Every structure is written in C-alpha cells, then in structure tokens.
Amino acid sequence: MIIWINGAFGAGKTTLAEELGRRLPQAVLFDPEYVGNLLRHWVPVPTGDFQDLPSWRELVVATALSLRK
C-alpha cells in the first residue's frame with residue numbers, strides 16, 4: 001500500500017508521515033523533494049519549481065514503486 005500525503009507548506013505533512021511511520025513499523029517514508037533536489041543538479045528548471053519537470057513526476061512514481069517492492 002502506498003499512502004501519498006499532499007498539502008500546503010506547513011500543513012503538517014511531515015509530522016503526519018512521521019507519526020504513521022511510528023505506528024506502522026514496516027512503513028518506508030519517502031519524501032519526493034529529495035528527487036527534485038537531485039534533479040536540480042542536472043536539469044535546468046525554467047520555472048524554479050522542480051515539480052513542473054516531467055522527469056520529476058516520472059522519477060517520483062518510479063521511486064515510490066521501487067521502494068514498495
């Protein structure tokens with residue numbers, strides 16, 4: 001099962017994810033921002049927001065599915 005937490009900055013996503021991780025010991029916490037930060041090193045981000053990059057969207061899904069395995 002993948003639980004995707006989405007919301008505005010400062011809404012408590014990280015706090016909620018950490019609490020779920022505490023309650024679900026087999027859970028793997030994955031923050032897609034790490035993928036975006038890596039992409040910034042290799043790919044120009046014209047808008048300044050890595051979430052606008054098609055490669056970010058593809059890699060986030062691929063990484064989440066890989067971690068699920």
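How many salt bridges does the structure hold? The structure holds two. A salt bridge here is a side-chain nitrogen of Lys or Arg within 4 Å of a carboxyl oxygen of Asp or Glu. I will come back to them after an overview.

First, where the values come from. This is a predicted model, in which local features need pLDDT of at least 70 and side-chain atom pairs count only at pLDDT 80 or more, while totals for chains, interfaces and linings use all residues. Residues are numbered from 1 along each chain as its sequence is written, and side-chain values use heavy atoms, with hydrogens and water left out.

Now the confidence. pLDDT is the predictor's confidence in each residue, from 0 to 100. The mean for the protein is 91, and 100% of its residues reach 70 or more.

Next, the overall layout. The secondary structure comes to three helices and zero strands. Both kinds of element are DSSP runs, numbered from the N terminus: helices are H or I with at least four residues, strands are E with at least two. Read from the N terminus, the order is α-α-α. Along the principal axes, the C-alpha atoms fill a box of roughly 40 × 30 × 15 Å.

The protein exposes about 5700 Å², and carbon and sulfur atoms supply 58% of that area. Accessible areas come from the Shrake-Rupley method with a 1.4 Å probe, and for residues only the protein chains shown count as cover. Of the 69 residues, 13% count as buried. Buried means under 20% relative accessible area, exposed means over 50%, and partly exposed is in between (1.4 Å probe, protein chains only).

On contacts, meaning heavy atoms within 4.5 Å, there is one figure to give. Among contacts with a separation of 6 or more, residues 24 or more positions apart account for 36%.

Back to the salt bridges. Side chains of opposite charge can pair when their charged atoms come close. Which side chain does Arg-22 meet in a salt bridge? Arg-22 meets Glu-19, at 2.5 Å from N to O. The two residues both lie in helix H1, three residues apart, about one turn of the helix. Arg-22 is exposed, with a relative accessible area of 59%, while Glu-19 is partly exposed at 27%.

The other bridge joins the side chains of Arg-23 and Glu-19, at 2.7 Å from N to O. Arg-23 and Glu-19 are four residues apart in helix H1, so about one helical turn separates them. Arg-23 is exposed, with a relative accessible area of 60%. Salt bridges that share partners join Glu-19, Arg-22 and Arg-23 into one network.

Next, the aromatic rings. A pair of aromatic rings is described by the distance of the centres and the angle of the planes. Rings of Phe, Tyr and Trp (its six-membered ring) pair if their centres lie within 6.5 Å; planes under 30 degrees apart count as stacked, over 60 as edge-to-face and the rest as tilted. By this rule the count comes to one aromatic pair. Phe-50 and Trp-56 form that pair, with 5.7 Å centre to centre and 50° between the planes, so by the definition it is tilted. Phe-50 and Trp-56 are both buried.

Now the surface. Which residues form a nonpolar patch there? Ile-2, Trp-4, Val-61 and Leu-65 do, with about 390 Å² of accessible area together. Patches are made of residues with over 30% relative accessible area and no salt bridge; like charges are joined within 9 Å, and nonpolar side chains (Val, Leu, Ile, Met, Phe, Trp, Tyr) within 5 Å.

Trp-4 lies in the segment before helix H1, which covers 13-23, and Trp-4 is exposed at 51% relative accessible area. Ile-2 is found in the segment before H1 as well, and is partly exposed at 43%. Not counting residues up to four places away in sequence, Ile-2 touches Ala-64, Leu-65 and Arg-68. Ile-2 and Arg-23 are 21 residues apart in sequence and 15 Å apart in space, C-alpha to C-alpha.

Last, a loop residue. Is Pro-44 buried or exposed? At 66% relative accessibility, Pro-44 counts as exposed. Its place is in the loop between helix H2 (33-39) and helix H3 (54-68). Pro-44 and Leu-24 are 20 residues apart in sequence and 37 Å apart in space, C-alpha to C-alpha.
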